[in-house]
Amino acid sequence: MAKPKDIEHLVKLQLPAGKATPAPPVGPALGQAGINIGEFCKAFNDKTKDSPGMIFPVVIYVKKNKSYTFEIKTPPAAVLIKKEAGLAKGSGVPHMEKVGKITKAQVKKIAEIKMKDLNAYNIEAAMRMIEGTARNMGVLVEN
């Protein structure tokens with residue numbers, strides 16, 4: 001979404017689903033923008049309560065009159081890959097040490113979820129992006 005003329009602040013955060021609190025990083029970021037932190041946390045938690053354990057990027061558009069709107073993006077590809085592979089974290093040395101495996105079907109499922117936030121023209125291109133992320137995490141992609 002392009003930044004309209006009446007937007008004074010643009011705040012980008014990555015927050016756990018259903019667990020946003022006024023503590024850092026939410027409080028300081030939104031306090032500087034001058035919006036009601038508790039109100040934002042309640043609205044964000046209500047919209048994301050159905051996806052526990054996921055991390056969601058959120059973009060908050062604060063207008064000059066201190067009203068705001070926010071847009072919740074899809075979770076990062078790395079988070080979705082870790083969930084599909086059942087991993088706690090990726091590899092420290094991804095090209096030498098492999099920590100998990102995912103199938104092409106799982107890659108396609110992740111690509112379909114991420115499609116609206118990726119700059120890919122088709123699902124095959126999105127799948128290649130997800131496969132690249134998986135390789136860089138030390139996760140093998142099986143046929």
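Helices here are DSSP runs of H or I with at least four residues, strands are runs of E with at least two, and both are numbered from the N terminus. Counted that way, the chain has 5 helices and 5 strands. Read from the N terminus, they come in the order β-α-α-β-β-α-β-α-α-β. Before going further, a word on what you're looking at: this is a predicted model, where local features need pLDDT of at least 70, side-chain atom pairs count only at pLDDT 80 or more, and totals for chains, interfaces and linings use all residues. Residues are numbered from 1 along each chain as its sequence is written, and side-chain values use heavy atoms, with hydrogens and water left out.

Let's start with the overall picture. Along the principal axes, the C-alpha atoms fill a box of roughly 55 × 30 × 25 Å. Of the 143 residues in the chain, 39% are buried, where buried means under 20% relative accessible area, exposed means over 50% and partly exposed is in between, using a 1.4 Å probe and protein chains only. Now take contacts, meaning heavy atoms within 4.5 Å. Among those with a separation of 6 or more, 60% join residues 24 or more positions apart.

Next, the inside. In soluble globular proteins, nonpolar side chains tend to be buried together. A nonpolar core is a set of buried Ala, Val, Leu, Ile, Met, Phe, Trp, Tyr and Cys residues joined through side-chain atoms within 4.5 Å. The largest one here has 38 residues, and those touching the most other members are Leu 13, Leu 15, Phe 40, Phe 44, Val 58, Ile 60 and Ile 81. The largest share, 6 residues, comes from α5.

Rings of Phe, Tyr and Trp (its six-membered ring) pair if their centres lie within 6.5 Å; planes under 30 degrees apart count as stacked, over 60 as edge-to-face and the rest as tilted. There are 3 such aromatic pairs. Phe 40 and Phe 44 make a stacked one, 6.0 Å centre to centre with 25° between the planes. They sit 4 residues apart in helix α2, so about one helical turn separates them. Phe 40 also pairs edge-to-face with Phe 70, at 5.1 Å centre to centre and 80° between the planes. Because Phe 40 lies in helix α2 and Phe 70 in strand β3, this pair ties together parts that are 30 residues apart in sequence. Phe 40 counts as buried because its relative accessibility is 0%, and Phe 70 does too, at 16%. Along with Phe 44 and Tyr 68, these two form one aromatic cluster.

Finally, two helices to trace. In α1, the buried residues are Val 26, Gly 27, Ala 29, Leu 30 and Ala 33, and they pack against β1, α2 and β2. Just past α1, Gly 34 takes a positive phi of about 80°. Over in α3, Ala 77, Val 79, Leu 80, Ile 81 and Ala 85 are buried. Their packing partners are β2, β4 (100–103), α4, α5 and β5 (139–142). Just after α3 comes Gly 86, with a positive phi of about 70°.
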